[in-house]
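These are my notebook entries on one structure. I record in turn what I looked up and what I found.

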Amino acid sequence: MNGEKQKKNAGIENGVQKQDSDFITETIKQRPINKRKLLRQTLITAAMAVVFSLVACLTFLLLEPVISNWLYPEEEPEPIEFLEETEEMLPEDMIADDSEMGQGEAPVEITIQDEQIEKILDSIQLDMEDYAAMYNSMSEIAAQAGKSVVMVTGSVSNVDWFNDPYESKGQTSGVIVAKQPKEILILVNYEKVIDAESIVVTFWDGTHGEARIQEKDANTKLAVISVPVEGMGKETADAVTAADLTASSSNRAIIGKPVIAIGSPLGNGDSICYGVITSNNGVLNMVDSYYKLVTTNIYGSQKASGVLVNMKGQVLGIIDNSHNGDDMKNLVSAIGITELRKVVERMSNGNKQAYLGTHGTDVTVDANENLGVPYGAYITEIEMDSPAMEAGIQSGDVIVKMKDKEIHNYGDLVNAVMERQPNESVSITLMRQGPEEYVQMEMNVILGDFD
């Protein structure tokens with residue numbers, strides 16, 4: 001009986017072992033992969049990733065400037081304003097008037113005999129060393145002022161008769177008129193750069209900078225170009241200084257005074273000439289302007305460019321020989337800085353020039369007293385199809401007021417127009433000669449764009 005029980009237990013054990021063995025060796029088959037479905041899901045995931053990236057990029061591009069300006073607001077550059085000119089005192093201005101003398105003070109008369117003058121002059125002896133020292137001093141003034149003078153090169157690509165490409169370049173001297181935190185502004189003759197594909201400015205130390213035209217003036221053929229400070233050498237950017245434009249070119253005291261021509265008075269760069277001012281009262285006949293021509297005895301090139309500076313290194317004018325007469329084509333002349341200062345200021349701020357379309361002059365004392373012509377801006381000529389002509393302004397009219405500004409001479413009218421904007425409507429008060437006397441008239445003018 002025990003034997004049967006043992007056999008039975010052995011059979012059970014054998015059965016369990018057999019079942020366990022069958023379970024362990026069982027093979028689990030994996031579900032077959034749907035390659036088409038897997039490929040579709042992969043493509044959808046990749047497409048969504050691309051779309052998400054594009055949306056993220058566009059969002060960043062659109063919001064980044066806004067967020068940057070919000071976190072780090074960029075300061076607007078201050079409007080450029082040039083200081084008022086400094087008048088040079090005449091010898092007669094140094095003499096005190098009787099009214100300025102104290103009570104009971106008698107004027108002191110000082111007489112110097114001719115013999116004493118001769119003795120004083122004889123005691124002054126100048127030799128070659130004094131002569132050299134004088135020119136050394138002038139050379140130092142020119143070197144210091146020359147740091148504000150640059151060479152501007154405009155390049156244009158062309159094709160010759162044989163269809164071979166070549167590059168033509170035009171060069172002219174310019175002067176630094178303002179230094180901003182992000183850009184340097186330079187006044188230059190735009191005829192050399194107006195059609196240029198690239199404009200390169202060479203500073204006094206030989207470094208270069210790319211420039212663009214900011215604004216131009218059709219009357220004077222001058223333009224203000226800007227060079228970004230970024231990209232310039234720190235040493236050059238720190239050393240750059242704007243020229244001193246505070247001198248008076250209209251003061252009669254400058255006639256006969258020494259002057260230095262810097263830039264390209266001889267037609268080539270880095271040339272310097274010395275001379276004296278011979279006149280400063282020639283008026284250039286330009287529309288809506290009252291520029292004075294400053295002439296010298298310096299013999300230079302008809303294509304001269306650069307600046308005239310006085311013995312203080314102040315700019316008296318921008319060299320331009322195109323206005324010279326036939327008998328003085330090679331004498332260096334310049335547009336006076338006094339009348340040009342407002343134009344340079346307007347261009348430096350990127351403002352357009354309003355256009356009225358008048359030529360005029362001042363009313364003289366003789367015309368006022370003997371002919372009864374009222375003081376104001378006397379109109380000598382009207383441009384065809386100009387806003388002045390369309391408003392009914394005529395030659396012989398005397399403009400006495402523009403909007404709320406009194407006009408006492410033609411220079412006042414030029415400044416009043418310069419302060420206005422193109423397409424602006426302004427009221428003009430003028431005096432027109434009638435059968436017996438001048439009659440006041442009111443007109444409304446819509447200013448145009450000079451360009």
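**Entry 1: charges over rings.** Over the face of which residue does Lys-216 lie? I found that Lys-216 lies over the face of Tyr-190, at 5.7 Å from the ring centre. The rule I applied is that a charge sits over a ring if NZ of Lys or CZ of Arg is within 6 Å of the ring centre and within 35 degrees of the ring normal. I also looked up Lys-147, whose charged end sits over the ring of Trp-204, 5.0 Å from its centre.

**Entry 2: the model.** I note that this is a predicted model, in which local features need pLDDT of at least 70 and side-chain atom pairs count only at pLDDT 80 or more, while totals for chains, interfaces and linings use all residues. Residues are numbered from 1 along each chain as its sequence is written, and side-chain values use heavy atoms, with hydrogens and water left out.

**Entry 3: the whole chain.** The protein chain has 9 helices and 20 strands. Helices (H or I, at least four residues) and strands (E, at least two) are DSSP runs, numbered from the N terminus. Of the 451 residues in the protein chain, 37% are buried. Buried means under 20% relative accessible area, exposed over 50%, and partly exposed in between (1.4 Å probe, protein chains only). I then looked up the contacts, where contact means heavy atoms within 4.5 Å. Among contacts between residues at least 6 apart in sequence, 61% join residues at least 24 apart.

**Entry 4: the barrel.** I traced a closed barrel of 6 strands, which runs E7-E8-E9-E12-E11-E10 with antiparallel pairing. From one strand to the next the twist averages 40°. Two strands pair if DSSP finds at least two bridges between them. Strand E7 (residues 258-264) and strand E8 (residues 271-283) pair in the antiparallel sense over 6 bridges. Within this pair, Ile-262 stands opposite Ile-272 in E8.

**Entry 5: helices on the sheet.** Helix H4 (residues 128-145) packs on the sheet and touches E7, E8 and strand E10 (305-309). The direction of H4 makes about 45° with that of E7. For such angles, axes are lines fitted to C-alpha atoms, for helices over the stretch in contact, and angles run from 0 to 180 degrees between N-to-C directions. Helix H6 (residues 337-348) also packs on the sheet, touching strand E9 (292-299), strand E11 (315-319) and strand E12 (331-336). The direction of H6 makes about 55° with that of E12.

How many of the 12 residues of H6 are buried? I found 11, and H6 is therefore mostly covered. H6 is followed by Gly-350, whose phi is positive, near 70°.

**Entry 6: aromatic pairs.** Rings of Phe, Tyr and Trp (its six-membered ring) pair if their centres lie within 6.5 Å; planes under 30 degrees apart count as stacked, over 60 as edge-to-face and the rest as tilted. By this rule I counted 2 aromatic pairs. The ring centres of Tyr-135 and Tyr-274 are 5.4 Å apart and their planes stand at 75°, so this pair is edge-to-face. Because Tyr-135 lies in helix H4 and Tyr-274 in strand E8, the pair ties together parts that are 139 residues apart in sequence. Tyr-135 is partly exposed at 32% relative accessibility, and Tyr-274 is partly exposed at 29%.

The rings of Tyr-290 and Tyr-410 have centres 6.0 Å apart and planes at 70°, so this pair is edge-to-face. Tyr-290 is in the loop between E8 and E9 and Tyr-410 in helix H9 (residues 410-418), 120 residues apart. Tyr-290 is buried at 18% relative accessible area, and Tyr-410 is buried at 1%.

**Entry 7: salt bridges.** A salt bridge is a side-chain nitrogen of Lys or Arg within 4 Å of a carboxyl oxygen of Asp or Glu. My search of the whole structure gave 6 salt bridges. Arg-432 and Asp-397 are both buried. Another joins Glu-424 and Arg-420, at 3.0 Å between the closest N and O atoms. Both of these residues are buried. Lys-403, Arg-420 and Glu-424 are linked in a network of salt bridges.
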